[in-house]
Amino acid sequence: MRVFGRALLSRLVRVEPGEDGALLWSCAYFFFLLGSAFVIRPLREEMGILGGVKNLPWLFLGTLLSMLALSPVFSTLVSWLPRRRFVPLVGHFFSLNLLVFFGLLRFLPPGAKLHAARAFFIWASVFNLFAVSVFWGVMADCFRSDQGQRLFGFIGAFGTLGGLAGSSLSAGLVRPLGEQPLLLLAVVLLQAGVWSFRRLQRHPVQGLSSGPAPHNAQEIRSVPGPAPVPASLLYGPLSGLRLVLRSPYLLLISLYLLLFTISSTLAYFAQAQIAAAGIADSSARTAFFARIDLWVNLFALVLQGAVAGRILSAVGIGGTLMVLPVLTLIGFAVLGLSPTLTVLMLFQVARRATDYGISKPAREVLYTVVGRQEKYAAKSFIDTVVYRSGDALGAGAAGVLTGLHLGGKGLVVLAVGMAPLALLWAAVGLHLGRRT
């Protein structure tokens, strides 16, 4: 049976001897993690609308401030705890948070529940980035660059399947059960992800240790380039920031992600405005957002299974990283001309499916060539603080457009403004590909 399983796996992905156990448990880990995240995601979107679309810039600012407060704590944990301990710790912490929010949203009076909804929006934004960042940090730590280019797309496909399962459950259960019970389902899925991570630790593929570098290490090499990373930079609450500031390569990754998140936040504001105007019922809006997630994951799965590997092989990492900026520019132009629910769904599905199915696996390969501490502390700083800084900048830009009272012309102005950002974004992606 085991031989048959390996033969079947080899037909689906180019797996080499000694990789199959780590690959399968990585797939399970990502499946349950994104299943949990996509149960939570449509609830977050609805909580943002319940808090008031005009208040969304403040919610994004609150998310950024939360990231700034938590990033030093996370960097400290990464510096001093072995991977086998801090990854489950993060999972258990977020599970406890979900149980608290279940109680608050279930039993608080309506007036206080509004504040809990806003807090949940911020929390869910933090959870999504930290949890996924930790996962890809583990992947970059477990696999080499050449392995990542072969296997990350396949692992990403299982994450997409998890997202598909989570969004399907949300869409199907929110009407009969209500919104709060879905949080308990998210806890179960998240804990299944922690269990899968523990199994992954029993299947190393490179003989790497499961913890941070020894504290007496003199240096850890930062790739690309020959410059060593002094041990004094590797530990403490600001280690992620220090590592990013001293590396032109990590700064380029930061700029690429910053431009991506600015565009994502502007797309999110367009979604919130169009959905709030077009759908009056709260549960119906939650179901609409869940359906978007469902189609996103379906198309992302197709891209991961049939397109991503071919694109990476044909145009390389740099060319792959250029796909999303070009698609985003086209999508904003069409949405500006026709701001309807149908066009919104098509735009969000195409854009987000391309991100999950093609761009994100390529971005994660960028981290396979850096040192271990950079894969956790620096990567976490980029994936959280830099990411949410882009959210804050995008929210500020959307707030300015709202304040100008442009009405239907606001999306047209937004589409025009996206042109230089998208061109810069694409250029940065191409340059990163040449340095990987």
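**Cavities and cores in a predicted helical chain**

A helix here is a DSSP run of H or I with at least four residues, a strand is a run of E with at least two, and both are numbered from the N terminus. Leu 255 counts as partly exposed, because its relative accessibility is 31%. The cut-offs are under 20% relative accessible area for buried, over 50% for exposed, and partly exposed in between, with a 1.4 Å probe and protein chains only. Gly 390 is 135 residues away from Leu 255 along the chain, yet their C-alpha atoms are separated by 9.4 Å.

A word on the source. This is a predicted model, where local features need pLDDT of at least 70 and side-chain atom pairs count only at pLDDT 80 or more, while totals for chains, interfaces and linings use all residues. Residues are numbered from 1 along each chain as its sequence is written, and side-chain values use heavy atoms, with hydrogens and water left out.

Now Trp 195. This one is in helix α7. Trp 195 is partly exposed, at a relative accessible area of 49%. Pro 88 lies 107 residues from Trp 195 in sequence, but 8.3 Å away in space, C-alpha to C-alpha.

Next, the whole chain. There are 13 helices and two strands. Of the 436 residues, 56% are buried. Take the contacts (heavy atoms within 4.5 Å). Among those with a separation of 6 or more, 85% join residues 24 or more positions apart. The accessible surface is about 17,600 Å², and carbon and sulfur atoms hold 69% of that. That area comes from the Shrake-Rupley method with a 1.4 Å probe.

On to the cores. A nonpolar core is a set of buried Ala, Val, Leu, Ile, Met, Phe, Trp, Tyr and Cys residues joined through side-chain atoms within 4.5 Å. The largest has 86 residues. Which members touch the most others? Leu 98, Phe 120, Trp 123, Met 139, Ile 155 and Leu 432 do. Helix α5 gives the largest share of this core, 18 residues. Leaving out residues up to four places away in sequence, Met 139 touches Ser 26, Phe 152, Ile 155 and Leu 200. A second, separate core has 20 residues, including Ile 262 and Phe 347.

A cavity is a set of points on a 1 Å grid over the protein atoms alone, where a 1.4 Å probe fits but cannot get out; lining residues have an atom within 4 Å of a point. Points join across faces, edges and corners, and volume is the space filled by probe spheres set on them. How many cavities reach 30 Å³ or more? Four.

The largest cavity holds about 730 Å³. Its lining has 40 residues, with Arg 41, Asn 128, Asp 355, Tyr 356 and Tyr 387 nearest the centre. Helices supplying at least two lining residues each include α2 (20–50), α5 (110–142) and α10 (282–337). By class, the lining splits into 18 nonpolar, 11 polar and 11 charged. Nonpolar means Ala, Val, Leu, Ile, Met, Phe, Trp, Tyr, Cys and Pro; charged means Asp, Glu, Lys and Arg; the others, Gly among them, are polar.

The second largest cavity holds about 110 Å³. Its 14 lining residues have Tyr 29, Leu 33, Val 87, Gly 91 and Leu 190 nearest the centre. Helix α4 gives the largest share, five residues. This lining has 12 nonpolar, two polar and no charged residues.

Technical notes:
1 Å grid on protein atoms, 1.4 Å probe; cavity = no way out; pocket = protein on both sides within 12 Å on 5 of 7 lines; lining within 4 Å.
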